[in-house]
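Please consider the structure shown below.

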Amino acid sequence: MSNLQSGKLCQTMLTRLFKINPNEIDTQLIFEAADILKKGGLLAFPTETVYGLGANALDEKASKKIYAAKGRPSDNPLIAHISNMEMLEMVTKGDLSLAEILAKEFWPGPLTMILNKSEIVPYGTTGGLDTVAVRMPDRKVAKLIIENAGIPIAAPSANISGRPSATCVEHVIEDFDGRIDGIVDDGPARIGLESTIIDLTSDTPVLLRRGFIRAFEIEKVLGTPIEDTFGSKEPDKPKAPGMKYRHYAPKSTLYIVRNENKIKELVNSEQGKTIGVICCEENKGKYEKCNIYPIGKKSKGAEIAKNLFAALRRLDDDNIQVAFCEDFSNIDHGEAIMERLYRASGGKIIL
Ligand code: TXA
Ligand code: MG
């Protein structure tokens, strides 16, 4: 365990780092990390999807600290993370029958459900909505922290608002060292994309964000079709408030390019700038006179999903001005990957 220190401006506090060995969990460290949450502080911790920036979901003041630390618009609600079904009942009201069916199949895991909120959940956590997003993460350390805190934990992805989500502790340190009370590190996130979000408050369940769990898997379990909002005709009025904000965006101008030969052409025409290409492992030898960011084999969509956010952050680290990314539509988990890329690029697609 150590205190992180560095000389960046705007740092006001010492951030404590809890280094935890997932194979030999030090329960005293879990207890001390959870204590930060109990006392109304901010603690970043790993989940199986991405790192989360946690605070007591039932304490409006604590939730507000999350918005301040991330620079997050206050109408963008937070997900309440729980460790058991009693907590689900605590934070919601109304019919839980669909939620229970999905929980049985997918929890703990990368699925967030939107339900009607109970009175104890403050509007400061739900961005003023009468609904609440709930998820039971599938990571031992996350579960132990929530259990020890004994309260639902509001946790958005642990990145400064607009930046790519944090998939390893280095990303969290980069964004929050000196700005939050603690960071728990037990290794990189296993999945690397945020959870699938499904809204269960209307007659037809609505998919608000694509993720590792696919629409067809949910439909199979529910036995009914669900609605997918991706590419909605009302992009300014999305049902998940967070979806209207620019997200995952690198500082460089990023384009998704459908054709690999077109990428070669574009790299040539942009010479003089620092250029990056995000591609599959198989194509890393194809491009010249640019920085190459291979993110996994095309045959292994899960690997590409896991490495995507780190690659977007590396574009910033390397001061890339223009970046081109291959099209990953036709691989496993391609839909969720392309949803992130679409938003990271601000919808800039070159055919
Ligand atoms: O995998 C994940 O879901 C990660 C980890 C840490 O659990 N968390 C995460 O949180 O991605 P965040 O805040 O980055 O994204 C949550 C999304 C936002 O787009 C937000 O607008 C939406 O969920 N959301 C939260 N509560 C909602 C609600 N009551 N109704 C509609 N959308 C909601
Ligand atoms: Mg996020």
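Which residues form a nonpolar patch on the surface? They are Phe 230, Tyr 342, Ile 349 and Leu 351, with about 390 Å² of accessible area together. A patch is made of residues with over 30% relative accessible area and no salt bridge; like charges are joined within 9 Å, and nonpolar side chains (Val, Leu, Ile, Met, Phe, Trp, Tyr) within 5 Å. Accessible areas come from the Shrake-Rupley method with a 1.4 Å probe, and for residues only the protein chains shown count as cover. A salt bridge is a side-chain nitrogen of Lys or Arg within 4 Å of a carboxyl oxygen of Asp or Glu.

This is a predicted model, in which local features need pLDDT of at least 70 and side-chain atom pairs count only at pLDDT 80 or more, while totals for chains, interfaces and linings use all residues. Residues are numbered from 1 along each chain as its sequence is written, chains are lettered from A and ligands numbered from 1 in the order in which they are written, and side-chain values use heavy atoms, without hydrogens and water.

Ile 349, in the nonpolar patch, belongs to strand 17 (residues 349–350). Helices (H or I, at least four residues) and strands (E, at least two) are DSSP runs, numbered from the N terminus. Ile 349 counts as partly exposed because its relative accessibility is 32%; buried means under 20%, exposed over 50%, and partly exposed in between (1.4 Å probe, protein chains only).

Tyr 255, in strand 13 (residues 253–257), is also partly exposed, at 24%. Its C-alpha atom is separated by 6.2 Å from that of Cys 325, 70 residues apart along the chain. Among the residues that Tyr 255 touches are Phe 324, Cys 325 and Ile 350, where contact means heavy atoms within 4.5 Å.

Helix 11 (residues 334–344) is largely enclosed by the rest of the structure, because nine of its eleven residues are buried. The buried residues include Gly 334, Met 338 and Leu 341. Their cover includes strand 13 and helix 10 (301–317).

The backbone also deserves attention. Most residues other than glycine have a negative phi, and most peptide bonds are trans. Lys 289, although not a glycine, has a positive phi of about 55 degrees, and Asn 319, not a glycine either, has one of about 50 degrees. Asn 319 lies in the loop between helix 10 and strand 16. The peptide bond from Trp 107 to Pro 108 is cis, with omega near -10 degrees.

Key: Lists of a residue's contacts leave out its neighbours within four places in sequence.
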